[in-house]
Amino acid sequence: MSHFTQIKTRIRNLDSLEKALGDLQIAAERGNVSVRGYRGETRPAQLVIRQDNGHDVGFVWNGQEYEMVTDVQFWQQPWTVERFLGKVSQRYALHTVLAESAPQGFNLVTQENREDGTMRLVLQRWSA
């Protein structure tokens with residue numbers, strides 16, 4: 001019986017996910033990697049966060065989005081699973097907005113991190 005838990009996300013871009021994890025100072029391996037789990041069980045993944053306890057956190061493409069795969073019993077991140085996903089999702093959204101707006105000529109003018117945890121971005125595009 002598998003101990004892995006699959007958690008749905010709205011993450012579709014691996015580059016933005018990798019940048020989001022970098023912002024949070026979380027090291028990740030990308031490529032054809034394996035998520036290590038309970039009693040040596042493994043799962044193929046596209047991105048993995050190695051944990052010191054030998055039970056990893058991975059992101060696996062399900063055909064539509066990346067699901068987070070981990071054994072929550074061995075969770076070893078600085079935040080709860082919910083808080084971790086919230087922080088990753090917020091940083092992921094930032095990088096997705098920047099990546100999608102740049103080809104349209106937008107530049108980031110200001111980024112404000114508010115006390116309530118939200119972010120305010122001001123993007124600008126000059127037209128000729």
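This is a predicted model: local features need pLDDT of at least 70, side-chain atom pairs count only at pLDDT 80 or more; totals for chains, interfaces and linings use all residues.
Reader: OK. What is the strand order in the open sheet?
Author: The order is β1-β5-β4-β3-β2, so 5 strands with antiparallel pairing.

Reader: Which are the edge strands?
Author: β1 and β2 (29-36). Each of them pairs on one side only.

Reader: How many bridges join β3 and β4?
Author: 3 bridges, in the antiparallel sense. Val48 stands opposite Gly58 in β4.

Reader: What does α1 touch when it packs on the sheet?
Author: α1 touches β1, β2, β3, β4 and β5. Its direction makes about 65° with that of β3.

Reader: And α2, which strands does that helix touch?
Author: β1, β3, β4 and β5. The direction of α2 makes about 25° with that of β1.

Reader: New topic. How many residues are in the largest nonpolar core?
Author: 20 residues. Leu17, Leu21, Phe59, Met68 and Phe84 have the most contacts inside it. The largest share, 5 residues, comes from α2.

Reader: What is Leu17 in contact with, leaving aside neighbours within four places in sequence?
Author: Ile11, Leu47, Phe59, Val88 and Tyr92.

Reader: Back to α2. Is Arg91 buried or exposed?
Author: Arg91 lies in α2. Its relative accessibility is 17%, and buried means under 20%, so Arg91 counts as buried.

Reader: Which residues does Arg91 contact, again leaving aside neighbours within four places in sequence?
Author: Ala20, Asp23, Leu24, Gln111 and Met119.

How values were computed
Residues are numbered from 1 along each chain as its sequence is written. Side-chain values use heavy atoms; hydrogens and water are left out. Helices (H or I, at least four residues) and strands (E, at least two) are DSSP runs, numbered from the N terminus. Buried means under 20% relative accessible area, exposed over 50%, partly exposed in between (1.4 Å probe, protein chains only). Contact means heavy atoms within 4.5 Å. A nonpolar core is a set of buried Ala, Val, Leu, Ile, Met, Phe, Trp, Tyr and Cys residues joined through side-chain atoms within 4.5 Å. Two strands pair if DSSP finds at least two bridges between them. Axes are lines fitted to C-alpha atoms, for helices over the stretch in contact, and angles run from 0 to 180 degrees between N-to-C directions.
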